[in-house]
Amino acid sequence: MTIRFDNSYSKLPERFYVKQAPVPVSRPALIRANRQLAELLGIDPDWLESEEGVEVIAGNRVPDGADPIATVYAGHQFGSWNPRLGDGRAILLGEVIGNDGERYDIQLKGSGLTPFSRQGDGRAPLGPVLREYIVSEAMAAFGIPTSRTLAAVTTGDPVFREARLDGGILARVAKSHIRIGTLQFFASVNDIDGLKLLLDHVIERHYPDAATSENPVATMFEQIMSRQAALVARWQGVGFIHGVMNTDNMLLSGETIDYGPCAFMDAFDSAAVYSSIDHGGRYAYRNQPAIAHWNLACLAQALLPFFADEEDAAVELAQAALERFPEMFQQEHFTILRAKLGLTTVDEGDEELAQDFLDLLERSRSDFTLAFRRLGELTVDTTEIEALFDFPESFAPWLESWRQRCAQETISDADRHRAMMSINPVFIPRNHLVEEAISQAYAGDFALFHRLNERLSMPFDFDAADAGLAIPPEPDQVVHQTFCGT
Ligand code: AMP
Ligand code: MG
């Protein structure tokens, strides 16, 4: 046996999904396999790279033990309700228990038509597959909860978008693919039994300690909020803009999913938006916490019957819980900012100090990533990236206040430096590099794609040989828009 499946979602009643095998492709070829992740999942990495492994990822061979399904969900897209979405171009092959004891979904994305494809073709162009590979694995290397990429293949079949493009398939791994929109679907069709089954499944799988609490659903909701708060705070901390925070793209597990039009900021701009379809800036960087809150309100709405028997009491409980979110987020946000600034204790002036730094970054349009990195260097007077970035004169008074604040702590400079180097990455998937890797790959050259993956697996370790991958784009290299590419 090559993959030890242990499926649970496909054992839920048939109205949760449609049994659907992936649709075979013409000439599958491996782009890249994630050998480390394969090992975590108990999959032989050599097998994954073999002809048979590639056929499985491409959907040309359904492995023993798989129970392929396309799941149903709904969701609010850019604020508008869509009653039926579902896996339109993805197939859940099944679940495995990793070496860490965790349960993981293995899903193929771009694997052909399903009953949920609507007007779509069920396929993915190569570009978005490569983008998701690079960015999801970089997020994992940052230590941010995320879906992962097990492997990517080309299909040998074209897909037609704004042009004729090579097709690709990505094998995605997540603790589950259950979304806010999955619960919304069952709530919206008044399937209370379905909702109850799904909640039991989610609690057992992701929030087991909520099961024994007095009000398991309310406890689970509280924990989902706290994971979302922590997740969005982590995104803000690396300048990540998700781009499409629809309720069907928010996992109940608290992992990042759906790397469509996402991007990392170069120069700090709190209003940054990259997605070509986000005209109103709904999902701009600075709106992400409020949108997470909005999405959680949708979730609370779907869960209402389970908060309490009486409707008034349920609404009151849900509202009280939701009102805690902004504070939860602020806590997480400043915890991360304090760590990024190298502070290990809490002082009442810290939030202002952090905000002043962000304001200075924004006014000087400084590079978000390199500014924090350079700050870390100043703790021990190293100059590794000084040539790539140094603070403009306007930072001098702030730097003095920051030094004074650091001096109040007992931690040694060397320890502060180490801590800052392990939270402030020097390499991020810069847009212009990701776009360059994609355009080279369309021309048949995957070297930059592989190099970015390798470099970004160690985003905290500077290597002068790769300095070119750390620097912000030249004005003519700046990428202003990203596309869903669906
Ligand atoms: P996304 O924008 O990727 O979150 O997708 C939103 C919805 O559209 C989901 O139900 C997807 O399955 C579906 N979808 C996106 N792209 C395609 C496609 N090429 N073919 C079929 N369905 C798609
Ligand atoms: Mg989606």
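Guide: Phe 391 is buried, with a relative accessible area of 11%, where buried means under 20% relative accessible area, exposed over 50% and partly exposed in between, for a 1.4 Å probe and protein chains only. This is a predicted model, in which local features need pLDDT of at least 70 and side-chain atom pairs count only at pLDDT 80 or more, while totals for chains, interfaces and linings use all residues. Residues are numbered from 1 along each chain as its sequence is written, chains are lettered from A and ligands numbered from 1 in the order in which they are written, and side-chain values use heavy atoms, with hydrogens and water left out.

Rings of Phe, Tyr and Trp (its six-membered ring) pair if their centres lie within 6.5 Å, and planes under 30 degrees apart count as stacked, over 60 as edge-to-face and the rest as tilted; by this rule there are 22 aromatic pairs. In one of them, the ring centres of Phe 357 and Phe 391 are 6.1 Å apart with planes at 65°, so the pair is edge-to-face. Phe 357 belongs to helix α11 (residues 350–364) and Phe 391 to the loop between α12 (368–378) and α13 (396–407), so this contact ties together parts 34 residues apart in sequence; helices here are DSSP runs (H or I, at least four residues), as strands are (E, at least two), numbered from the N terminus. Phe 391 also pairs with Phe 395, the centres being 4.9 Å apart and the planes at 40°, so that pair is tilted. Phe 395 counts as buried, at 0% relative accessibility, and Phe 357 is buried as well. These residues, Phe 357, Phe 391 and Phe 395, are among the members of one aromatic cluster, which also includes Tyr 285 and Trp 398.
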